[in-house]
Amino acid sequence: MQRRVLGLLAMGLIGPLWFGIGLAAPEQSVATPPPPIGQKVCSLADQLQTLRVGLLRGSPSLKKFLRRHLRERAPAIPEAELRAAFEREHDPAMVEELSGALAARMARLGAPEALRAPLSRAMSDSDPAARAAAVRGLRGTGSVEAMAKLGVVDYTRLIHDPAPMVRQAVVQNLLTESAEVYFGHDRAVSEQAIAVALAARSGPAADPALAAKLLSEVSTESVGSQVVAELLSLLDGPADASLVALRASIVTALGGVPSAESARVVTRLTDLYRQDASREVRRAVLQALVRLEMARAVPLLDALRSVDAGLTAEIDAWQRALQSGLQEWTLLLREKQRLAPETPQPH
């Protein structure tokens, strides 16, 4: 019977069979009352087997439901049982789901110890796919805070992994945590992301492209003065042509710093526009100046107009966008892109 149910499940023909195999319906959660007497409760082993088959053969909606169900149920599963299942698993897809279940337990119960096993595996598993899966499982949770409480490892160590897929998982975790968990408002996550980006610039596993992605996309609205000073210091080195994208991303990050830091940033970026011959860096500077100063940027843009005739149209587009009177940055940026859609934009 169980084999038949799993076969139907894999084909997406689940309907009322959820209850027959002991799973909650999609609209239910782990907080629902216990099942009636005589109704079988799905064991963790059964649920993992169902998940395994569903991930292999199920529809996208079924896979999404199975993943969500395991995470919702995780706080009610004894941690030792969940951890043992995670440590036995070798399939990267299942490693990721069990890592996610432990992370969900951590988030719901405020128990950072639940991340010890995923972090250990992310550091030591011989299979890079399993290491990356263990990291990906932490996505969308308060992993930075939990790592800080554990004091064992953080993303600045994981970014040095020799496998690109692990480094990519680190960057995506930080961007997701910043944008979707804290909506850009958490200082610790933003500063950890910047520290990871700086760590990714050099060493045996240097990845300037990932560093640039992280710097250009993470929110910097809550970072502290020391981090701003560190970012500014990175602009003092030689303008290495091979690191143009990284320099532009540093400028983009500086464009989002708190208003208390804007004066020194504006001064340095104005000087940089005159010093750095890269069009990509100069475009990033123009965007950062407008973001920092909004309507007050008009005279700054006028003063820079004669530096590079090739960017006159870019300055014109920004000034026309500012004339719209829009006061919200994302709307202003969208208006500028509408006015000059052919112009490459920093992230």
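Which residues does E293 touch, not counting residues up to four places away in sequence? In this predicted model, the answer is S262, V266 and L300, where touching, like any contact here, means heavy atoms within 4.5 Å. A few ground rules come before the rest. Residues are numbered from 1 along each chain as its sequence is written, and side-chain values use heavy atoms, with hydrogens and water left out. Because the model is predicted, local features need pLDDT of at least 70 and side-chain atom pairs count only at pLDDT 80 or more, while totals for chains, interfaces and linings use all residues.

On the whole chain, the tally is 20 helices and 0 strands; these are DSSP runs numbered from the N terminus, with helices being H or I of at least four residues and strands E of at least two. The protein chain has 347 residues, and 51% of them count as buried. Buried stands for under 20% relative accessible area, exposed for over 50%, and partly exposed for anything in between, with a 1.4 Å probe and protein chains only.

With a relative accessible area of 14%, E293 is buried. Next comes M294, in the loop between α17 and α18 (298-304). M294 has a phi near 55°, a positive value in a residue other than glycine, and its relative accessibility of 16% makes it buried. F183 also has a positive phi, about 50°, although it is not a glycine. For context, most residues other than glycine have a negative phi. F183 sits in the loop between α11 and α12 and, at 58% relative accessibility, counts as exposed.

Now for some helix packing. Two packed helices are described by the angle between their axes and the distance between the axes. Helix α11 (residues 164-181) and helix α13 (residues 208-217) pack at about 0°, and their axes are 10 Å apart. The axes are lines fitted to C-alpha atoms, for helices over the stretch in contact, and the angles run from 0 to 180 degrees between N-to-C directions. That makes α11 and α13 roughly parallel to each other, going by cut-offs of under 35 degrees for roughly parallel, over 145 for roughly antiparallel, 65 to 115 for roughly perpendicular and oblique for the rest. On the α11 side the contact is made by R167, Q168, V171, Q172, L174 and L175, and on the α13 side by L210, K213, L214 and E217. Sorted by class, that contact has 5 nonpolar, 2 polar and 3 charged residues; Ala, Val, Leu, Ile, Met, Phe, Trp, Tyr, Cys and Pro count as nonpolar, Asp, Glu, Lys and Arg as charged, and the others, Gly among them, as polar. Within α13, the residues L210, A211, A212, L214, L215 and S216 are buried. The buried residues of α13 pack against α11, and also against α12 (187-199), α14 (225-233) and α15 (244-254).

L119, in helix α7 (residues 116-124), is another buried position, with a relative accessible area of 3%. L119 touches L138, M147, L150 and V153, leaving aside residues up to four places away in sequence. One of these, M147, is 28 residues from L119 in sequence and 8.7 Å from it in space, C-alpha to C-alpha.

On to the rings. Rings of Phe, Tyr and Trp (its six-membered ring) pair if their centres lie within 6.5 Å, and planes under 30 degrees apart count as stacked, over 60 as edge-to-face and the rest as tilted. By this rule there is 1 aromatic pair. The ring centres of W318 and W329 are 5.9 Å apart and the planes are at 15°, so the pair is stacked. Since W318 lies in helix α19 (residues 312-322) and W329 in helix α20 (residues 329-339), the pair ties together parts that are 11 residues apart in sequence. W318 is buried at 0% relative accessibility, and W329 is buried too, at 13%.

Helix α19 also holds R320, which is partly exposed at 40% relative accessibility. R320 and L339 are 19 residues apart in sequence, with 8.0 Å between their C-alpha atoms.

R121 lies over the face of F86, 5.3 Å from the ring centre. The charged end of R282 is over the ring of Y273, at 5.4 Å from its centre.

Key
Lys NZ or Arg CZ within 6 Å of the ring centre and 35° of its normal.
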